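Please look at the sheet and the core before reading on. The points below take them in that order.

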Amino acid sequence: MSRASAPELYAVAARVAARMGVRPPRAIALVDLSPVTSYDRIGVARTPVLLVGLPLWLALPPRQRVALLAAAYARLPTGDERVVRQALATLDAWRDALMGSAPLTAREAAGERIAYALGGTQTPDTPYDVASFLGRVLGRVLGVPVLLLWYALSWLARSGEPRVRARQRALARRAVPEEDLAELDEQAAGGRYLAPMQAAALRGESVAAIRRTALTKFQLTDDGVLPAPPPSELLGVEESERIDEELTGHYARAVRGFGLIS
């Protein structure tokens, strides 16, 4: 989305980023059928880009929308975390290439057809068969150290996960309190918010009606019902409604596909 078409969305994204001390997104993209909101730096220029998952965004009040942005910013990996992640991806690809190789099924099928055409006699090994066998043997030999290194690095990454989660949580708390993050986790867990939205979309309800229903639970308190969903210091109710107006067309398109989300 361009900044001109969604100035309020860019503004709140920048306010949350400034509160947390991260670079504000230069570009924002909307994802119709994924609830995940993520933030990363793309390309050689390391351009900060924010991806907003519309299903969850549509179901959240202003306070949890800020928490969603804060959690996305906090998940941006540090330099060491990114190196480990990319190293694991590289080793995973090498492991599959070296240890998971097998003869091409098309070649085997062709060999079976040739043998059948020759009256069931066994066809002699071809240079391809010999090279394929030697390649698999060499792959196993070279793959063992790669496999050991992959296991060691995976173990180190798993052992560091509590520290990474603690760092991410502390960074997110610069913008939102812990209770807002916990409420966001509860809302997103298992996608329980999604089934009522899917049912409403199948009934043909409007986007506004779907959002009103989704916000009802956030307006319930021990003393009664709040007149409006809970706001945030960084995003008020009116500002949140203006964001919804900016995204009206995108909501309508996304809601038509909610039934495809599993």
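1. Helices (H or I, at least four residues) and strands (E, at least two) are DSSP runs, numbered from the N terminus; two strands pair if DSSP finds at least two bridges between them. In the hairpin of β2 and β3, four residues lie between the strands, and Gly 43 has a positive phi near 80 degrees.

2. This is a predicted model, in which local features need pLDDT of at least 70, side-chain atom pairs count only at pLDDT 80 or more, and totals for chains, interfaces and linings use all residues. Residues are numbered from 1 along each chain as its sequence is written, and side-chain values use heavy atoms, leaving out hydrogens and water.

3. β2 (residues 38–42) and β3 (residues 47–53) are antiparallel, with five bridges. Tyr 39 has Leu 50 of β3 as its bridge partner, and Asp 40 has Val 49 of β3.

4. The sheet is open and has three strands in the order β1-β3-β2, with mixed pairing. β1 (27–31) and β2 are the edge strands, each pairing on one side only.

5. Which residues touch the most other members of the largest nonpolar core? They are Leu 9, Val 16, Leu 50, Trp 57 and Tyr 73, in a core of 54 residues. Such a core is a set of buried (under 20% relative accessible area, 1.4 Å probe, protein chains only) Ala, Val, Leu, Ile, Met, Phe, Trp, Tyr and Cys residues joined through side-chain atoms within 4.5 Å. Helix α3 (residues 62–74) gives the most to this core, nine residues.

6. Apart from this core lies another, of five residues, including Leu 88 and Trp 150.

Terms used:
Buried means under 20% relative accessible area, exposed over 50%, partly exposed in between (1.4 Å probe, protein chains only).
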